[in-house]
Amino acid sequence: MIHINRPPKSRNPQSLNPINSLQNPSFSQSRMPSFLSKSFLRLPPKSLLFPMSTVAAAKSRLRGVVFDMDGTLTVPVIDFAAMYKAVLGDVEYKRIKAENPSGIDILHHIESWSPEKQQEAYKIIADFEKQGLDRLQIMPGAAELCGFLDAKKIRRGLITRNVKDAVDLFHQRFGMMFSPALSREFRPYKPSPAPLLHICSTWDVQPNEVMMVGDSLKDDVACGKNAGALTCLLDEKGRYGSQDFANLDLTPDFKVSSLIEVHSLLKSNFDLTP
Ligand SMILES: [Mg+2]
C-alpha cells in the first residue's frame, strides 16, 4: 500500500523544496509536482489519487534516488536496542529512551564522552555491526528497483551511518553499485542534510529532483527534509503510526511497506523519461 502524506509545514519558504510552493504563491505552478496539489493530497480514495489524464503533463522529473543501507537495502539484522543497552547500560538506556521517543541517536550521544569512553563505545558498536555484516541479506525488491532505475537512467546514491567497510562489503556481496556512497566517515552524518546535499552537488541536480528512501524517520526522513528533497519512509512492520507524524516537519512525502512498492510509486508520480 502506498500512502501519500500531507506535506510538511515549511521551515524555510525560500527553500527549493517543491512542497514549499504550497505556501509560496510566487512559486511557478508549472514546477509543482502533481501529487503535491492540495486537492490531490486530501483525496484518500486511490481511484482519485492518480487522475492520469489531467496530471500527466505536470509530473516532475526525478533525477536521483538516495538510499539508506541498513534496514532499507539490506534486511535489518542489527539489534539496535541491544546495541544501545550495551553501550549505555540498562539504566541510562531507559532514561535516554524515555527522553527520545522517536529513537536514540547513539553516535551523536557518545560524541560528548571522553576519548577513552568513546573508544569503548565504538568497539561495542563495531562488534554489533560486524555481527550484522555476517548475516547480511539484500532487501526483497532492491535488485529489481535498481534495475528499474538504471533502465530509466536515474542515478542511485547511498547514505549510511554505518562504516565504509560495511558499504564496501555490501557492494561486493550484492554486485550493485551506488555512487556516491557515503558512510559515517563523511561528517556530519544523517540526519544532517550535508551528505545528501553533497550527493546532489556531485550529480549536479537540485535536491527537489531527488528522493531519499530509508527506514528511519529521525535519520533518513529528517536528512531528506533538511536537504529539501522528497522523502519515502520504508515501514515494513508498521512501526510508525500516525502519532509519529505529529511533528509535521518529519512527515515523509511517501510511505511504503516494501521496496517493491517504490517502483509503482515512482511511475505514478514522476516523469521518468530517461
Ligand atoms: Mg536504516
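Biologist: Are α4 and α7 roughly parallel or roughly antiparallel to each other?

Modeller: They are roughly antiparallel to each other. Keep in mind that this is a predicted model. To judge such a pair, look at the angle between the axes: over 145 degrees counts as roughly antiparallel. Here the axes of α4 and helix α7 (residues 115–134) cross at roughly 160°, and they come within 9 Å.

Biologist: What is the handedness of the crossing of α4 and α7?

Modeller: That crossing is right-handed.

Biologist: Which residues make the contact between α4 and α7?

Modeller: From α4 come Met83, Ala86 and Val87; α7 brings Ala121, Ile124, Ile125 and Phe128. Sorted by class, the contact of α4 with α7 has seven nonpolar residues, with no polar and no charged ones.

Biologist: At what angle do helix α4 and helix α5 pack?

Modeller: Helix α4 (residues 80–88) and helix α5 (residues 90–99) pack at about 120°, and their axes are 7 Å apart. An angle of 65 to 115 degrees would count as roughly perpendicular, and one over 145 as roughly antiparallel. The angle of about 120° therefore makes α4 oblique to α5. The crossing of α4 and α5 is right-handed.

Biologist: Which residues of α4 and α5 make the contact?

Modeller: On the α4 side they are Tyr84, Lys85 and Leu88. On the α5 side they are Asp90, Glu92, Tyr93 and Ile96.

Biologist: How many nonpolar, polar and charged residues does the contact of α4 with α5 have?

Modeller: It has four nonpolar and three charged residues, and no polar ones.

How values were computed
Residues numbered from 1 in each chain as written. Predicted model: local features only at pLDDT ≥ 70, side-chain atom pairs only at ≥ 80, totals over all residues. Axes fitted to C-alpha atoms, helices over the stretch in contact; angles between N-to-C directions. Helix = DSSP H or I, 4+ residues; strand = E, 2+ residues; numbered from the N terminus. Parallel < 35°, antiparallel > 145°, perpendicular 65-115°, else oblique. Left-handed = near helix turned anticlockwise from the far one by under 90°. Contact = placed C-beta atoms within 7 Å. Nonpolar A, V, L, I, M, F, W, Y, C, P; charged D, E, K, R; others polar.
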